[in-house]
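I open this notebook to record, step by step, what I looked up in the structure shown below. I start with the overall layout and then turn to single residues.

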Amino acid sequence: MKKIIGFIIGALMTFIGFINIIITNIEMSTARGYTFRLPYTEYEAGVIITKYIGIGMLIIGIIILLLMIVSKIYYSKNVQDMSDVGNGRVNFISCPVCNCKTTRDSEYCPKCNHKLK
Ligand SMILES: [Zn+2]
């Protein structure tokens, strides 16, 4: 559930940030009589601050989304490994001495300590 919330927050922040940048760009290109150069008027400073907040939100949103995607890939890989064990796809071998079952990569039998490799 937490992952879905993370995705929503990341997507929302990216979206709002993107819209913010577009709106402030339109505002800056259409506002007549304002240069948006120093010294700023209160209005110009407001628009510029809003734009930087938009850029910040866009960057943070993208970082959140990337983290979510990476953790999702990592998570599904782990689940895959677990299901391999469940399906018996991780091969087991039997010890020739005591017939104890162990994983293929074991070097010694866990029961009688017979060398398997
Ligand atoms: Zn054994």
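Reading along the sequence, I noted that the chain follows the pattern α-α-β-β. That amounts to two helices and two strands, where helices (H or I, at least four residues) and strands (E, at least two) are DSSP runs, numbered from the N terminus. I keep in mind that this is a predicted model, in which local features need pLDDT of at least 70 and side-chain atom pairs count only at pLDDT 80 or more, while totals for chains, interfaces and linings use all residues. Residues are numbered from 1 along each chain as its sequence is written.

Of the 117 residues in the chain, 9% are buried; a residue is buried if 20 or more other C-beta atoms lie within 10 Å of its own, exposed if 12 or fewer, and partly exposed in between, with C-beta atoms placed from the backbone. Among the contacts in the chain with a separation of 6 or more, 45% are between residues 24 or more positions apart, two residues being in contact if their C-beta atoms, placed from the backbone, lie within 7 Å.

I then went to helix H2, where Ile64 has its place. Which residues does Ile64 touch, not counting those up to four places away in sequence? I found Gly6, Ile9, Gly10 and Met13. For Ile64 and Met13, which are 51 residues apart along the chain, the C-alpha atoms are separated by 9.0 Å. Ile64 is partly exposed because 19 other C-beta atoms lie within 10 Å.

Ser71 counts as exposed, because it has 12 other C-beta atoms within 10 Å. The C-alpha atoms of Ser71 and Lys3 are separated by 8.9 Å, although these residues are 68 residues apart along the chain.

My next entry concerns the loop between helix H1 (2–30) and helix H2 (42–86), in which Pro39 is found. The peptide bond from Leu38 to Pro39 is cis, with omega near -5°. Phe36 lies in the loop between H1 and H2 as well, and I noted its positive phi of about 55°, although Phe36 is not a glycine. I wrote both down because most residues other than glycine have a negative phi, and most peptide bonds are trans. With 17 C-beta neighbours inside 10 Å, Phe36 counts as partly exposed.

Last, I looked at the segment after strand E2 (101–103), where Asp105 is found. Is Asp105 buried or exposed? Asp105 counts as exposed, because it has 10 C-beta neighbours inside 10 Å. The C-alpha atoms of Asp105 and Phe92 are separated by 8.6 Å, with the two residues 13 residues apart along the chain. Asn113 lies in the segment after E2 too, and it has a positive phi of about 70° although it is not a glycine. Asn113 has 11 C-beta neighbours inside 10 Å and therefore counts as exposed.
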